[in-house]
Amino acid sequence: MSASSEEALYFVVGDEYSGDRLDKVLAQLMPSVSRARLQTWIEQGAVTVNGEVTEKIRTKVAAGDEIEVLEQPSPEELAFKPVQMPLDVVYEDDDILVVNKPAGLVVHPAAGHWDDTLLNGLLARNPELKTLPRAGIVHRLDRDTTGLMVVAKTLEAQTDLIRQLQARTVKREYWAIVHGQAPQAGFIDEPIMRDPRSPIRFCVGQGPRAKEAKTHVRLVDFAYVPGVGQTPLSVSWVACRLDTGRTHQIRVHMQWAGFPLVGDPLYKGKMSKLPEGCPLSLIKRQALHASRLGLEHPRTKELMQWFVPAPDDLAQLMTEIGFAPTDEPVSVFEK
């Protein structure tokens, strides 16, 4: 038998379940909830037996035992809850806001990050965003990529920004520090698809699942750093602009071209090991930063542009290599 309140569900174990495991009994008593989810609730301390919290899913129950279950929200239900966090907003008006995303912050909720994402922080800062798809987010950056993102505050602004992205009129410029001596200019027009050898990687490829991907690259500076013995390592500072916005696009394209990003844990090519004391080991993530963003304001139609300097870890790396300045935009695409 069972009873419920707004806070909890109560069950009394019947004779037919005597001696069975707690998670198995709950799966029978609560068929609408998956067994895996019930096991998580038990491990989270949300289940008591005869008033005592038990966190062991294999606990045996007996006839007459009283079970209390505090139902827990699903990860999906948590995904769109507001969570207070510091956000570096570099511009805001009634229609849009522009945020400087730090490394380590996931943009959208997903497995492993249901309530600690940029979306959650935006909902806490601007509660009205809950009425918009994806809380007004129209593009994304990888978790460990830093820099500028625009967020819509109205449905009209979101629709307009999506159209600008589709028309490829939004200017997104990235700084990347890459292994090797990059050419003065390059254009990579190679489709990208999921890597069949890895569920978390992408690769250049052909076929029905490959999507168009185009990256413009310009060399900003070039240097050598100490390598093994007397052999120095070459390293380049490049600026990239995107015609498309595929997942991991710059990282995949630069590795394919033979210039993997410094610090990239997924697309490091042959640069998996760096000599001891090499300055390239200073950064613990991919050396990629969305430094500039330009677009047409969705309501006023004014052309707007923003720049943010390299964050501390990237600036330290660049300074150690001899790349400067790290706090001013580059003009390689204007030449």
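I began with polar contacts between domain 2 and domain 3, and the count is 11 residue pairs, both residues at pLDDT 80 or more. A polar contact is a pair of N or O atoms within 3.5 Å; within protein, one must be able to donate a hydrogen and the other to accept it, and residues adjacent in sequence count only if both atoms are side-chain atoms.

I noted that this is a predicted model, where local features need pLDDT of at least 70, side-chain atom pairs count only at pLDDT 80 or more, and totals for chains, interfaces and linings use all residues. Residues are numbered from 1 along each chain as its sequence is written, and side-chain values use heavy atoms, with hydrogens and water left out.

Next I looked up the domains. The chain is divided into domain 1 (8-72), domain 2 (76-167) and domain 3 (170-334), with bounds from an automatic or database domain assignment. The contact (heavy atoms within 4.5 Å) takes 24 residues from domain 2 and 25 residues from domain 3.

Then I checked salt bridges (a side-chain nitrogen of Lys or Arg within 4 Å of a carboxyl oxygen of Asp or Glu). The rule finds 3 across the interface of domain 2 and domain 3. I also looked at Arg-251, which forms a salt bridge with Asp-142; their closest N and O atoms are 3.0 Å apart.

I turned to buried area, the accessible area (1.4 Å probe) that two parts lose on being put together, summed over both. Domain 2 and domain 3 bury about 2,000 Å² between them, 60% of it on carbon and sulfur atoms. On the domain 2 side, Thr-146, Leu-148 and Gln-164 lose the most area to domain 3, together 27% of what that side buries.
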